[in-house]
Amino acid sequence: MQDIDGSGGANLLVLRTDTVPVCECYAWHGDALQVTSRAVLSSTAAEISRGTVIAGQLEGMQPALFVTGVSEELSAVTDILVYQHTTGLSNLATDSLSGKTAVVYPYQQLPPQDINGDGVTEIPSPVVDNVLHQNMVSWFAYGAAGHCHQVAETYHSQTQGWYFTMPQSWWGYASAVEQELTEGDYAVTISVNGEETATLYKFSGDNREE
């Protein structure tokens, strides 16, 4: 349920994957709830069940639905659905050649979310140059025209359930190594351009007093 068409009332959005996976937008017409438009999805029902469906916003605070499926190859495939009054429901991330979304990143168990508190839903992309940097994540915000730009980079400790926001001057240059010091105590060393720059510690038990 989300007011995706800006009418002031909630729309019912239904994901169906009978033959071709689609998202249908329902709205009230008189006393009847009817399909007003639909958009083709890039993922199957099984792939979406492994992913997430997030009601959020684009830059400019336009409502959007972020539908992420997880493929067998462990790629996160995200459709960004918006409502235009001229065309109805559409996928602004669609690639003109393939007809499917161009927003495809390695899957890191992180859903789209407002990572920097600005009200916009950002999409996570693991940092990759010649290698995948484990737990290093770039975050991209999208506008209504489909353009995106990076707004944050984080180190996410998936096992420990916390993250660290990188200074902007570190974006694209940082890597991290996590190690267990003693049982329950961890350290993460972040290197920038190959030089050790910061170490983050997590203590539990008696060691948290030290």
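Asn 135 is buried, because its relative accessible area is 12%, and buried here means under 20% relative accessible area, whereas exposed means over 50% and partly exposed lies in between (1.4 Å probe, protein chains only). This is a predicted model, in which local features need pLDDT of at least 70 and side-chain atom pairs count only at pLDDT 80 or more, while totals for chains, interfaces and linings use all residues. Residues are numbered from 1 along each chain as its sequence is written, and side-chain values use heavy atoms, with hydrogens and water left out.

Asn 135 belongs to strand S10, which covers residues 132–142; strands (E, at least two residues) and helices (H or I, at least four) are DSSP runs, numbered from the N terminus. The side chain of Asn 135 makes a polar contact with the side chain of Tyr 155 at 3.5 Å, a polar contact being a pair of N or O atoms within 3.5 Å, where within protein one must be able to donate a hydrogen and the other to accept it, and where residues adjacent in sequence count only if both atoms are side-chain atoms. When neighbours within four places in sequence are left aside, the residues in contact with Asn 135 include Gln 108, Thr 154, Tyr 155 and Glu 178, contact meaning heavy atoms within 4.5 Å.

Ser 37 lies in strand S3, residues 32–40, and its side chain reaches the backbone nitrogen of Leu 89 at 2.9 Å. Not counting residues up to four places away in sequence, Ser 37 touches Cys 23, Glu 24, Cys 25, Tyr 83, Gly 88 and Leu 89.

We turn now to two loop residues. Met 61, in the loop between strand S4 (52–57) and strand S5 (63–70), has a positive phi of about 65 degrees although it is not a glycine, and with a relative accessible area of 39% Met 61 is partly exposed. Leu 74, in the loop between S5 and strand S6 (75–84), is likewise a residue other than glycine with a positive phi, here near 60 degrees. Leu 74 counts as exposed, because its relative accessibility is 54%.

Finally, Phe 203 is found in the segment after strand S15 (195–202), and Phe 203 counts as partly exposed because its relative accessibility is 38%.
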